Amino acid sequence: MEIKKRWQRINEGAQKFGAAYDETRRTAGIGTNMDNLIEKARDYHLNNFKRKFNFEIHWREFRRHPKWRPPPTSASSKRRTKATRRKCKGNATTTEVTEYESIQVADKRRMDIMESLNEIRLKELAVKQSEMDLQVITADTTKMNDAQRMAHAKLLEKIMARN
């Protein structure tokens, strides 16, 4: 009987934390690593369930099994598929067409945001590359040995070839 109670506590705690983790994963930004997600999920769990989560080791093992995995498709993607099919057949109601079009607009906005982020990241990389090039160009070669000077000269050639 004691084992059954223990299992019920672990099972309930792992499922609640799994829900908290899924929610934080949905709302987290791009590039958030798992450690940050788990930390945010702990905070979410504490705020919503008013208890500290004590079964993280168990949850980490359970989450690999199908029972604790999130569903493969969300409700919005199911609605999108249904609305797309009905629209293609010509059977869609005006609300479904409106919903389909609003989903398309939202998807376009997401793509625009992702493209903007990509452009920003590319610019950041270009700035970092320029900073590294500047360090190579302004490096003091008087303290370098022959091998280092040769490597430095090759780097300078590559920098000049790029520009």
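**A close look at helix α2**

Modeller: Helix α2 is made of 16 residues, and the distance from its first C-alpha to its last is 21 Å, close to the 22 Å expected at 1.5 Å a residue (the expected span being 1.5 Å times one less than the number of residues). The model is predicted: local features need pLDDT of at least 70, side-chain atom pairs count only at pLDDT 80 or more, and totals for chains, interfaces and linings use all residues. Residues are numbered from 1 along each chain as its sequence is written, and side-chain values use heavy atoms, with hydrogens and water left out.

One side of the helix is the place to start. Leu37, Ile38, Ala41 and His45 of α2 are buried (buried is under 20% relative accessible area, exposed over 50%, partly exposed in between, with a 1.4 Å probe and protein chains only). These four residues sit on the same side of α2, because they cover an arc of only 95 degrees around the axis (the arc is taken from the directions from the helix axis to the C-beta atoms). The other side of α2 carries Asp35 and Asn47, both of them exposed.

Asparagine 36 is also part of helix α2. With a relative accessibility of 41%, asparagine 36 counts as partly exposed. Along the chain, asparagine 36 and threonine 24 are 12 residues apart, and their C-alpha atoms are separated by 9.7 Å.

Helix α2 also holds a charged pair. A salt bridge (a side-chain nitrogen of Lys or Arg within 4 Å of a carboxyl oxygen of Asp or Glu) joins arginine 42 to glutamate 39, with 2.7 Å between the closest N and O atoms. Both residues belong to α2, which covers residues 34–49, and they are three residues apart, about one turn of the helix. Arginine 42 is partly exposed, because its relative accessibility is 31%. Glutamate 39 is partly exposed too, with a relative accessibility of 40%.

Aspartate 112 counts as partly exposed, at 32% relative accessibility, whereas lysine 108 counts as exposed, at 52%.

Another salt bridge runs between aspartate 146 and arginine 149, with the closest N and O atoms 3.4 Å apart. Aspartate 146 and arginine 149 are both in helix α6, and three residues, about one turn of the helix, lie between their positions. Aspartate 146 is exposed, because its relative accessibility is 58%. Arginine 149 has a relative accessibility of 35% and therefore counts as partly exposed.

Read from the N terminus on, the order of the elements is α-α-α-α-α-α. The chain has 163 residues, of which 19% count as buried.

Confidence comes last. The mean pLDDT (the predictor's confidence in each residue, from 0 to 100) of the chain is 76, and 79% of the residues score at least 70. Helix α4, residues 75–89, has the lowest mean pLDDT among the elements, 55, while helix α6, residues 146–162, has the highest, 89. Where pLDDT is low, the predicted coordinates should not be read in detail.

Definitions and conventions:
Helices (H or I, at least four residues) and strands (E, at least two) are DSSP runs, numbered from the N terminus.
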